[in-house]
Amino acid sequence: MAHTVMRYEKHRITQQPNTDVTLEAKCLTCGWEASPSADGAAVDVECMSHTGRTQHARFKRLCTSVAFVERA
């Protein structure tokens, strides 16, 4: 009968060094999308400008980063 040996290692997850977080936003009323950017404030300004032009006030916001997993 074969035996299986399982070894558990502790790991941690961090943002990949030398990469940026990318922010995006999409209007939930009409589907308009802000330009993806590493500058969250710029994305927010685009959303507020869209709201000023259209009165659409609900957005889905996404934050994307590259994860790096390594042994702790």
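Two residues are said to be in contact when heavy atoms lie within 4.5 Å; the legends below describe close-up views of a predicted model.

**View 1. The separation of Lys26 and Asp39.** Lys26 and Asp39 are 13 residues apart along the chain, and 16 Å separates the C-alpha atom of Lys26 from that of Asp39.

**View 2. Asn18 in the loop between β1 and β2.** Asn18 is found in the loop that runs between β1 (11-15) and β2 (22-27), and although Asn18 is not a glycine, its phi is positive, at about 65 degrees. Most residues other than glycine have a negative phi. The relative accessibility of Asn18 is 84%, so this residue counts as exposed, the cut-off for that class being over 50%.

**View 3. Gln55 in the loop between α1 and β3.** Gln55 has its place in the loop between α1 (40-54) and β3 (59-64), and Gln55, which is likewise a residue other than glycine, has a positive phi near 70 degrees. With a relative accessibility of 63%, Gln55 therefore counts as exposed.

Definitions and conventions:
Residues are numbered from 1 along each chain as its sequence is written. This is a predicted model: local features need pLDDT of at least 70, side-chain atom pairs count only at pLDDT 80 or more; totals for chains, interfaces and linings use all residues. Side-chain values use heavy atoms; hydrogens and water are left out. Helices (H or I, at least four residues) and strands (E, at least two) are DSSP runs, numbered from the N terminus. Buried means under 20% relative accessible area, exposed over 50%, partly exposed in between (1.4 Å probe, protein chains only).
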